[in-house]
Amino acid sequence: MSSSTKPGRRVERTRQDIIVAFRDLLFERGYARLSVRGIIERANVGRSTFYEHFQNKEDVMRETLTFVVKPLADTIAATRSPAELEFLVRHMRETRSKTAVILLGPSGRVVQRFLAESLEARIAELRARRRNAVPLLPPRVIAGYLAEAQLALITVSLAGNDDCSPEAVARALYVTTNAAANALLG
């Protein structure tokens, strides 16, 4: 192993320590009571080390949620199938109490913003492919609407609705997101 790979591993390990500390504190205290200072103490890193990796706690939240947001946003680009979303929905159902902490309350707005930004990027890609598309609303508004609709469907399906299968929720996310995006893009 070359010495050039050691710093890379150390940097990645530190980054992961910060993410794990954030995640643990999020589930213990909730997003509103979580602070950069708490993350630093839990991760056992210095303040400057934290800021080498992240700008603030929202930045860590975004990194933590990439595995959730990316497949949801990719429904517009049609690069994800309903079957791939089913895995995500099933995981959210299996970790229902943790998912509720993330989607409800103050952190829910961060999730919604991050998802809307990701959806807006996919909408831009779709508009580029459909050169003559004239959106009915500004893309940012469409993205915000789609993000809230996706999160609402997930939240409602997790609220004791075990009669709604992960497969059905995933298919509904896929179909409604694509239909709405295409309709609103004109």
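Predicted model: local features only at pLDDT ≥ 70, side-chain atom pairs only at ≥ 80, totals over all residues.
Residues are numbered from 1 along each chain as its sequence is written, and side-chain values use heavy atoms, with hydrogens and water left out.

View 1. Helices (H or I, at least four residues) and strands (E, at least two) are DSSP runs numbered from the N terminus, and along the sequence the protein chain reads α-α-α-α-α-α-α-α-α. Its C-alpha atoms fill a box of roughly 50 × 40 × 35 Å, taken along the principal axes. Of the 186 residues, 42% are buried, where buried means under 20% relative accessible area, exposed over 50% and partly exposed in between (1.4 Å probe, protein chains only). Among contacts (heavy atoms within 4.5 Å) with a separation of 6 or more, 70% come from residues 24 or more positions apart. The protein chain exposes about 10,100 Å², and carbon and sulfur atoms supply 54% of that area, as calculated by the Shrake-Rupley method with a 1.4 Å probe.

**View 2. Helix α8, residues 139-158, and the helices packed against it.** Helix α8 has 20 residues and reaches 29 Å from its first C-alpha to its last, close to the 28 Å expected at 1.5 Å a residue; the expected span is 1.5 Å times one less than the number of residues. The buried residues of α8 are Ile142, Ala143, Gly144, Leu146, Ala147, Gln150, Leu151, Ile154, Ser157 and Leu158. These buried residues pack against α4 (57-77), α5 (82-94), α6 (96-103), α7 (106-129) and α9 (166-184). Just after α8, glycine 160 takes a positive phi of about 80 degrees.

**View 3. Helix α5, with its buried side and the face turned away from that side.** Helix α5 has 13 residues and reaches 18 Å from its first C-alpha to its last, close to the 18 Å expected at 1.5 Å a residue. Its buried residues are Pro82, Leu85, Glu86, Leu88, Val89, Met92 and Arg93. They cover an arc of only 170 degrees around the axis, which puts them on the same side of α5; the arc is that of the directions from the helix axis to the C-beta atoms. The buried residues of α5 pack against α4, α6, α8 and α9, while the face turned away from the buried side carries the exposed residues Ala83, Phe87 and Glu94.

**View 4. Asparagine 44 in the loop between α2 and α3.** The loop that holds asparagine 44 lies between α2 (36-43) and α3 (47-53). Although asparagine 44 is not a glycine, it has a positive phi of about 60 degrees. At 70% relative accessibility, asparagine 44 counts as exposed.

**View 5. Threonine 49 in helix α3, shown with arginine 15.** Threonine 49 counts as partly exposed, at 23% relative accessibility. Threonine 49 and arginine 15 are 34 residues apart in sequence, and their C-alpha atoms are 9.2 Å apart in space.

**View 6. Alanine 100 in helix α6, shown with serine 81.** With a relative accessibility of 30%, alanine 100 counts as partly exposed. Alanine 100 and serine 81 are 19 residues apart in sequence and 25 Å apart in space, C-alpha to C-alpha.

**View 7. Alanine 168 in helix α9, shown with threonine 66.** Alanine 168 is partly exposed, and its relative accessible area is 39%. From C-alpha to C-alpha, alanine 168 and threonine 66 are 23 Å apart in space, and in sequence they are 102 residues apart.
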